[in-house]
Amino acid sequence: MFKNYLKIAFRSFQKQRFYAAINILGLSIGIACCLLISLFVWDEMNFDRQNEKFENIYRVTSDLKFGGKREIYAVAQAPLAAALREDVPEVETAGRFRPWGNRLVKKEGTQQNFNEQRFAWADNQLFDVFTFPLLGGDKSSLLTMPNTIAISETAAKRHFGTLNPIGQNLILDNEMPVKVTGVFKDMPRASHFHYDFLLSMEGLDDAKTQSWGSHNYQTYIVMKPGQSVATVEKKISEIFHKYGSAQIKQGTGFSMEELEAKGFWARYTLLPLKDIHLKSNFVAEHEPNSDESYVWIFGAIALFILLIACINFMNLSTARSASRSKEVGMRKVLGSVKKQLVGQFLTEAILMSGFAFLLAVIFASFAMPFFNQLTNKELSLPLTNPTMLSLLFGGVILVGLLAGSYPAFYLSAFKPLEVLKGKIQNNIRTGWLRHSLVVFQFTISTLLLVGTVVIYRQLDFIQQKRLGFDKEQLVTINSAGDLASSFEGFRNDIEAMPEVKSATSTCFLPVTSCRSDNTTWIDSEGSDRQHVNLQCWTVDDSYELTLGLEMSDGRFFSKEFKTDSTAIVLNEEAVKKYGFVKPVGRHINMYNDNQMKDFTTYTVVGVVKNFNFENLRDEIGPLAFFYDQAQTGPLTIRLDGNTNISGFIDKIKSKWEASSSGLPFDYAFLDERFTRMYESEQRLGNIFIVFAGLAIFIACLGLLALAAFTAERRSKEIGVRKVLGATSGNIIRLLTSEFSRWVILSNLIALPLAWWGAHRWLENFAYRTEVDWWLMAGAFVTVMVIALLTVSFQSIKAALANPVKSLRSE
């Protein structure tokens, strides 16, 4: 029987080549899209699972509201990890990271430095928290001594040419020798942090302080199995109150109870390791994480595209039911039962699904490099994996049943007497299901199209928005601070170049992750203290000119004023937080260190206009500038607008080589770094435009086939109309109007949903574009034009046909 099913299926495909080809092509594209996006979603949802204690690892998250500002941090206090190990029996172990940015690294005894970017201070206990497979060294003694380091296999090969450099030394920043005591395998790509160099926390003085007011350390714990997260969170709060109360009282002038009564708080929660990659975009992350909402959006896109492809199959199968109705009637007269007919049609659907899956795997394989570039991944199709093969086989059956179930039961339910009398035609003409499915297809297509346009409009808005500083024509020499004693001479040479307008030396730039939060206050007596939490940036006197900032009151720093060592410049938001009417001349206090014992009083000398120094997702916060003319950090240069960029880079590179004694030259343009802040949105937009195009293409494939079938089914009607005097234009309007009204209905459903979804997504940005009416109108017109062009091809073909051919058998 099954052999007979296959034989009839192949005959059906051969007889209806055009419809079979469209079905298989549409299904294969839909399945290929679904395969690619499913791999992406699976990868995103399986970060950090290489760790053996994955289910019991948590990170401490700090939710702080103080000084008029609330922020959630991925870091905690330096002494918290030790307190958790000692005071909380539910905790098996705890360890800390503290990222250390870029460093110059060379092997002892050599001259060549490498600019390495993946540095962090780390506790020995982290090797009991995370699974870092060791290629050399003893885990129990790793990082237990000052000035020791564990490095990745890549770093070991680069600096030593071997995986066994244990006992050898590296020199950091040309002055700090560290001994290699361990080599670990490269951290996997699907990890929420990536380091090549882990320095012993025993060598970091700040890590040994008992400061409970400063939060700088990513703190991870391993919970003992079966313990309550809520219990540990409560105990963290108790630890903070136990050890930190005196410091907080001394630093703020208020007890913790008084602060809580004023609406301030310090709350500590545990975030499971499995949630960090998708649900954590807090202050001081190791590196930018992904966004769970985007993963769900991509998953929905995959499902919708697959549904559109399946709808094509269902539409064409039910539409062609008239041409197969007599076949069903004859087979029933000859003794076939409903079960056999259902089996026949499901076999055809599953066979077509199998062909489509085979073609989809080929499409997905060819598209994989492009998709990896689009998503910034390193995915592959694991076709030799038994699980993957099982999923593909199950997919063939599932998609076949999903796409073929309705047509199978619909066709098998025909009554032979009515079919053979031709009465079934009248029932088929209603076509309510086909029209509903067309509406669904184009509703989804319109949603994706509007989503694409909104994302790109927001990205364009970000690029064009006045930020309050000028990001163009700025180049930063990131490695300038490594010049040490040669820095001043190099800077003077650069500033003397005719292409250079000005230059400033600082790591505090609007697009960097360099930040320093401090609590300040005005007035100094007990309950009268007014606290404001600020970002505090240390800059030189050229910063304002180089960045193109504007002053709203007072002045910026100057070498001419010796008192500027205790001067402060605020932004307008900080002035607003303090409630100053005349800010210039007012005094602000700030502690000198984390112990909150000694403080310095600063005098406000100027106010800069607000500028977007952080991501446009956030409102502008309070900011203060402090003066330090002697700092040697990255050098940011303002160029003349007519500068030949490539020629200028060559010139400063030659001056660098003359000053640096072989140090690596590293530079970046500020506008490019600004653009990279929105990589996730750019990636989302690119994915939307690709898959929106594919969704519309698949929907139009189905519309083309339906239009062809409609023209074929109504060929005699068209012939009669032409004989009676209908023009080609009349015929074209007749055929296109049948589909255009359903496409119009789909837009009426899709556009309100798209407007709502666009506003919900834009709520993630403090500064955002508008969803204008003409954007929705443009989407409507675009979809209508595409649909009409698709239908018109078959309509024109039918209208121009000779009526004699369709009527000669009558």
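Me: At what relative accessibility does cysteine 33 count as buried?
Reply: This is a predicted model, and the values are computed from it. Buried means under 20% relative accessible area. Cysteine 33 falls under that cut-off, so it counts as buried, at a relative accessibility of 4%.

Me: Which cysteine sulfur is nearest to that of cysteine 33, and how far away is it?
Reply: A disulfide needs two cysteine sulfur atoms within 2.5 Å. By this rule the count for the structure is 0 disulfides. Cysteine 33 is in no disulfide. Its nearest cysteine sulfur belongs to cysteine 34, at a distance of 8.5 Å.

Me: What is the relative accessible area of cysteine 536?
Reply: The cut-off for buried is under 20%. Cysteine 536 is buried, with a relative accessible area of 5%.

Me: Why do the buried residues of helix α5 lie on the same side?
Reply: Helix α5 spans residues 153–160. Its buried residues are Glu153, Ala155, Ala156, His159 and Phe160. They are on the same side of α5 because they cover an arc around the axis of only 160°.

Me: Which residue just after α5 takes a positive phi?
Reply: Helix α5 ends at residue 160. Just after α5 comes a positive phi of about 70°. The residue that takes it is glycine 161.

Me: How many residues apart in sequence are the parts tied together by phenylalanine 97 and phenylalanine 130?
Reply: The structure holds 36 aromatic pairs. In one of them, phenylalanine 97 and phenylalanine 130 are tilted, with 6.2 Å centre to centre and 35° between the planes. Phenylalanine 97 lies in strand β3, and phenylalanine 130 in the loop between α4 and β5. The pair therefore ties together parts whose separation in sequence is 33 residues.

Me: Where does phenylalanine 193 lie, the residue that pairs with phenylalanine 97?
Reply: Phenylalanine 97 and phenylalanine 193 form a tilted pair, 4.9 Å centre to centre and 55° between the planes. Phenylalanine 97 is buried at 0% relative accessible area, and phenylalanine 193 counts as buried at 2%. The two are 96 residues apart, and the pair links distant parts of the chain. Phenylalanine 193 lies in the loop between β8 and β9.

Me: Over the ring of which residue does the charged end of arginine 555 sit?
Reply: A charge sits over a ring only if CZ of Arg is within 6 Å of the ring centre. For arginine 555 the distance to the centre is 3.7 Å. The ring is that of phenylalanine 561.

Me: Which tyrosine has arginine 98 over its face?
Reply: Arginine 98 lies 5.2 Å from the ring centre. The residue is tyrosine 217.

Note on methods: Residues are numbered from 1 along each chain as its sequence is written. This is a predicted model: local features need pLDDT of at least 70, side-chain atom pairs count only at pLDDT 80 or more; totals for chains, interfaces and linings use all residues. Side-chain values use heavy atoms; hydrogens and water are left out. Buried means under 20% relative accessible area, exposed over 50%, partly exposed in between (1.4 Å probe, protein chains only). Helices (H or I, at least four residues) and strands (E, at least two) are DSSP runs, numbered from the N terminus. The arc is that of the directions from the helix axis to the C-beta atoms. Rings of Phe, Tyr and Trp (its six-membered ring) pair if their centres lie within 6.5 Å; planes under 30 degrees apart count as stacked, over 60 as edge-to-face and the rest as tilted. A charge sits over a ring if NZ of Lys or CZ of Arg is within 6 Å of the ring centre and within 35 degrees of the ring normal.
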